[in-house]
Every structure is written in structure tokens, then in C-alpha cells.
Amino acid sequence: FFYLSTSDVVSVGGGFIENGAHNVIEPLALGKPVVTGPHIWTIEFPGVEAEAEGVLSVCHEPSKLANVLQEHLDQGSENAKSFHSKYAGASQRLADAVVAAVEKEQG
């Protein structure tokens with residue numbers, strides 16, 4: 001994540017073509033706002049949630065990418081850090097739920 005950690009805002013590729021956007025979890029995990037193109041079906045989660053909370057912007061026109069990146073620079077990264085902390089620990093919550101379900105089944 002070194003190259004992402006040095007950024008203030010991250011533009012991920014893929015979303016400007018119909019192949020779908022690249023992974024946004026890594027920059028979000030570092031508390032970085034993210035910009036991608038309109039084809040986000042490959043990152044529906046957490047893309048939709050991140051967009052709703054204003055930490056991911058979908059840029060529909062590549063010619064406006066610089067403006068969208070600047071908007072995130074102006075806003076700062078506090079919302080992105082908050083977004084990540086809300087979802088952090090999902091692996092542990094899932095493991096705990098599996099253990100609880102197995103214990104309940106065993107009885």
C-alpha cells in the first residue's frame with residue numbers, strides 16, 4: 001500500500017471502461033477518498049456505500065476527473081477514515097458469527 005499511503009485522494013482505474021472499476025477497499029482502508037469512473041458493478045460493495053457516505057465519487061466524464069479529485073482534496077480525508085472504521089473488523093465479526101452458529105448447532 002506504499003504508493004497509496006502517500007496519496008491524499010486516489011483515482012482507481014477500470015471504471016472508465018466497461019470492464020468495471022478496480023479495487024477500492026485498499027485506499028478506503030487507508031482512509032483515502034476515492035474517485036472512479038461510472039462502471040462500478042465490479043465493486044458494488046463497498047462502492048455504493050462509500051458513494052452514499054461521500055468518500056467515493058463516480059466521475060461520469062473523464063474530462064472532469066481533475067475537478068472531482070480537487071473536490072476531495074478540498075474536503076480532506078476525515079470522512080474516509082470514519083468510513084473505514086465503521087467497517088473495520090468484519091473478518092472477526094464473521095468468524096465470531098460462524099463459531100456462534102456452530103456452537104448453537106452442536107447444542
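What is the mean pLDDT of the protein chain, and what share of its residues reach 70 or more? The mean is 91, and 100% of the residues reach 70 or more. The model shown is predicted.

**View 1. Confidence along the chain.**
Two elements mark the ends of the confidence range. Helix α5 (residues 78-87) has the lowest mean pLDDT among the elements of the protein chain, at 86. Strand β2 (residues 34-36) has the highest, at 95. Where pLDDT is low, the predicted coordinates should not be read in detail.

**View 2**
A search of the whole structure finds two aromatic pairs. One of them joins Phe45 and Tyr87: the ring centres are 6.0 Å apart and the planes meet at 75 degrees, so the pair is edge-to-face. This pair links distant parts of the chain. Phe45 belongs to helix α3 (residues 44-52) and Tyr87 to helix α5, 42 residues apart. Phe83 and Tyr87 form a tilted pair, with 4.9 Å from centre to centre and 50 degrees between the planes. Both Phe83 and Tyr87 lie in helix α5, four residues apart, or about one turn of the helix. An α-helix has 3.6 residues a turn, so residues three or four places apart point the same way. Phe45, Phe83 and Tyr87 form one aromatic cluster.

Tyr87, at 29%, is partly exposed. Phe45 counts as exposed, because its 54% is over the 50% cut-off.

**View 2. A cis peptide bond at Phe45.**
Phe45 also takes part in a backbone feature of helix α3. The peptide bond from Phe45 to Pro46 is cis. Its omega is near 10 degrees. Pro46 is placed in helix α3.

**View 3. A salt bridge between helix α5 and a loop.**
The whole structure holds three salt bridges by search. One of them joins the side chains of Lys86 and Glu53, at 2.6 Å from N to O. Distant parts of the chain are linked here: Lys86 sits in helix α5, and Glu53 in the loop between α3 and β3 (56-58). The two residues are 33 residues apart. Lys86 is partly exposed, with a relative accessible area of 47%. Glu53 is partly exposed as well, at 30%. Side chains of opposite charge can pair when their charged atoms come close.

**View 4. A salt bridge between Glu78 and Lys81.**
Glu78 pairs with Lys81, and the closest N and O atoms are 3.8 Å apart. Why are these two residues separated by about one helical turn? Glu78 and Lys81 are three residues apart in helix α5, and therefore about one helical turn lies between them. Glu78 is exposed, with a relative accessible area of 57%. Lys81 counts as partly exposed, at 42% relative accessibility.

**View 5. A salt bridge between Glu61 and Lys64.**
The side chains of Glu61 and Lys64 meet at 3.7 Å, N to O. Glu61 counts as partly exposed, at 40% relative accessibility. Lys64 is partly exposed too, with a relative accessible area of 42%.

Helix α6 spans residues 90-106 and includes Val98. The helix has 17 residues. From its first C-alpha to its last, α6 reaches 24 Å, close to the 24 Å expected at 1.5 Å a residue. Gly107 follows α6 and has a positive phi, near 75 degrees. Leu94, Val98 and Val102 form a nonpolar patch on the surface. Together these residues have about 260 Å² of accessible area. Val98 counts as partly exposed, at 45% relative accessibility.

Where is Thr6 placed? Thr6 is in the loop between α1 (2-5) and β1 (10-11). At 53% relative accessibility, Thr6 counts as exposed. Thr6 and Lys32 are 26 residues apart in sequence. Their C-alpha atoms are 9.8 Å apart in space.

Conventions:
Residues are numbered from 1 along each chain as its sequence is written. This is a predicted model: local features need pLDDT of at least 70, side-chain atom pairs count only at pLDDT 80 or more; totals for chains, interfaces and linings use all residues. Side-chain values use heavy atoms; hydrogens and water are left out. Patches are made of residues with over 30% relative accessible area and no salt bridge: like charges are joined within 9 Å, nonpolar side chains (Val, Leu, Ile, Met, Phe, Trp, Tyr) within 5 Å. Accessible areas come from the Shrake-Rupley method with a 1.4 Å probe; for residues, only the protein chains shown count as cover. A salt bridge is a side-chain nitrogen of Lys or Arg within 4 Å of a carboxyl oxygen of Asp or Glu. Buried means under 20% relative accessible area, exposed over 50%, partly exposed in between (1.4 Å probe, protein chains only). pLDDT is the predictor's confidence in each residue, from 0 to 100. Rings of Phe, Tyr and Trp (its six-membered ring) pair if their centres lie within 6.5 Å; planes under 30 degrees apart count as stacked, over 60 as edge-to-face and the rest as tilted. The expected span of a helix is 1.5 Å times one less than its number of residues.
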